[in-house]
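Here is a friendly walk through one protein chain, a few residues at a time. Keep the viewer open and follow along as each side chain comes up.

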Amino acid sequence: MKRLIYTLLSLAMLTACSQKGKHFTVEGHIAEADGSTLYLEQVTLASGVVMVDSARLDSTGRFSLRGKRPGSPEFYRLRIDDQGINLAIDSCETVHVEATLKDISFGYSVEGSGTCDTIRLLCLKMADLERSVRQMAANRNYTLEERDAKIRQMTTKYKEEVKRDFIQDHMGSTASYFACFQTLGGQLLFDPLYDKDDLKWVRAVANAWHEKYPDSPRTQNMVNIVNEGMRNLTPPRQITLDVNDERVKEVGIIDMTFPDILGNEITLSSLSGKVVLLDFTAYSMRGSSERTLEMRRLYEKYHKRGFEIYQVSVDPNRHIWTQCCETLPWVCVYCEEGINADMLKLYQVDQLPYYFLIDRNCDLNARQEYIPNLEQAIEALL
């Protein structure tokens, strides 16, 4: 009988733990809020603000609200009327909040979640910026142009501080995602669609989230924004194929120009004077990681002696390219025309990956099928 009771108790405890693991709790105390209704709401991407739980506060101000544990980090808020507290849930946890109704949005404290406390600091910092902007907008000691310039200076300074103090060493954090989507006057403070520097930071956060939360809808949202920004900020290129006989004789190759990850146009012939491995590839192919490791070995071994790699990606997904090549030391460029690009046809590339060796005089030395040992071929040209 004792064994049976012990077994039943154990099962009951396991069931309770299992149920608890599926939920998170937001609890605490809001002073001077007797009779107010407190809502716990999820701020979703697809459906907007969705109510999760609610409680009618009494004279004690105590509350305990629960929500279903999200599969990846999500954002929530506690709200009474039009005042709210921003929260994030990135694990199964209990978040404790202390506040007073009259100052609920900015005078609260939070325990149990470092992410929620970081978001609190970001919100306080944004509130200071909003006050400064309002004061400047109302200051008639300056002309309209001077006020606009000073407001731009304030917002630029704010973004630089947020990048340095909140995002730089925490790219994959939930708070960094939150920071990328802060708004001022109803407008996003970071503008990855039309500001190249903002795009760089949002892309870094997107890449980190893609590593940690590849299936999160918020990850895909950031990836889509980054891809759109890269399309906007990469000027349309007029693709001119330089296949004139005299030009081919002059440079010894069919020249090409493609953008790197920063949008800089890099021309193949600009590497004249070096031994160049011209490589056409797609990072999304099977075996790409192993091949990249081998190329890194060759690069590290021969680069100081004048060896360079000009790697042209024809990946259909631009984000895969940016994610894979961001840390590579050689020249990585992107051909948006993909596998149907004229350049592949001109070089008679009928399979991927495929490489060519170009000597120091910018002459095409050999193509893949005529190079039995790539390392020996590089040595001979160096």
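## Histidine 29 and its surroundings

Not counting residues up to four places away in sequence, histidine 29 touches Thr60, Gly61, Arg62, Phe63, Val97, Glu98 and Ala99, where contact means heavy atoms within 4.5 Å. Histidine 29 lies in strand 1; helices (H or I, at least four residues) and strands (E, at least two) are DSSP runs, numbered from the N terminus. With 18% relative accessibility, histidine 29 counts as buried (buried means under 20% relative accessible area, exposed over 50%, partly exposed in between, with a 1.4 Å probe and protein chains only). Its side chain makes a polar contact of 3.2 Å with the side chain of glutamate 98. A polar contact here is a pair of N or O atoms within 3.5 Å; within protein, one must be able to donate a hydrogen and the other to accept it, and residues adjacent in sequence count only if both atoms are side-chain atoms.

A word on the model itself: it is predicted, so local features need pLDDT of at least 70 and side-chain atom pairs count only at pLDDT 80 or more, while totals for chains, interfaces and linings use all residues. Residues are numbered from 1 along each chain as its sequence is written, and side-chain values use heavy atoms, with hydrogens and water left out.

## The chain as a whole

The protein chain has eleven helices and 17 strands. Of its 382 residues, 44% are buried. Among contacts between residues at least 6 apart in sequence, 62% join residues at least 24 apart.

## Glutamate 41 and two arginines

Which side chains does glutamate 41 meet through polar contacts? One is arginine 77, at 2.7 Å, and another is arginine 79, at 3.0 Å. Glutamate 41 belongs to strand 2 (residues 37–43) and is buried, with a relative accessible area of 6%. Leaving aside neighbours within four places in sequence, glutamate 41 is in contact with residues including Val49, Val50, Met51, Val52, Phe75 and Tyr76.

## Aromatic rings

There are 13 aromatic pairs in the structure. Rings of Phe, Tyr and Trp (its six-membered ring) pair if their centres lie within 6.5 Å; planes under 30 degrees apart count as stacked, over 60 as edge-to-face and the rest as tilted. Tyrosine 177 and tryptophan 209 have ring centres 4.8 Å apart and planes at 35°, so this pair is tilted. The pair links distant parts of the chain, with tyrosine 177 in helix 4 (residues 174–180) and tryptophan 209 in helix 5 (residues 196–212), 32 residues apart. Both tyrosine 177 and tryptophan 209 are buried.

Ring pairs also build a cluster from Phe75, Tyr177, Phe178, Phe181, Trp209 and Tyr213. Elsewhere, lysine 159 lies over the face of phenylalanine 190, at 5.7 Å from the ring centre; a charge sits over a ring if NZ of Lys or CZ of Arg is within 6 Å of the ring centre and within 35 degrees of the ring normal.

## The largest pocket

The largest pocket has a volume of about 690 Å³. On a 1 Å grid over the protein atoms alone, a pocket is an open set of points where a 1.4 Å probe fits, with protein on both sides within 12 Å along at least five of seven lines, and lining residues have an atom within 4 Å of a point. Grid points are joined across faces, edges and corners, and a volume is the space filled by probe spheres set on the points.

Among the 26 residues that line the largest pocket, Asn86, Cys123, Phe178, Phe181 and Thr183 are the closest to its centre. Strand 5 (74–80), strand 6 (83–89), helix 2 (114–137), helix 4 and helix 6 (217–233) each give two or more residues to the lining.

Beyond neighbours within four places in sequence, valine 133 is in contact with Ile151, Met154 and Leu184.

## Backbone points to check

Leucine 352 and proline 353 are joined by a cis peptide bond, with omega about -5°. Proline 353 lies in the loop between helix 10 (342–346) and strand 16 (354–358). That loop also holds glutamine 348, which has a positive phi of about 55° although it is not a glycine. Glutamine 348 is exposed, with a relative accessible area of 56%.
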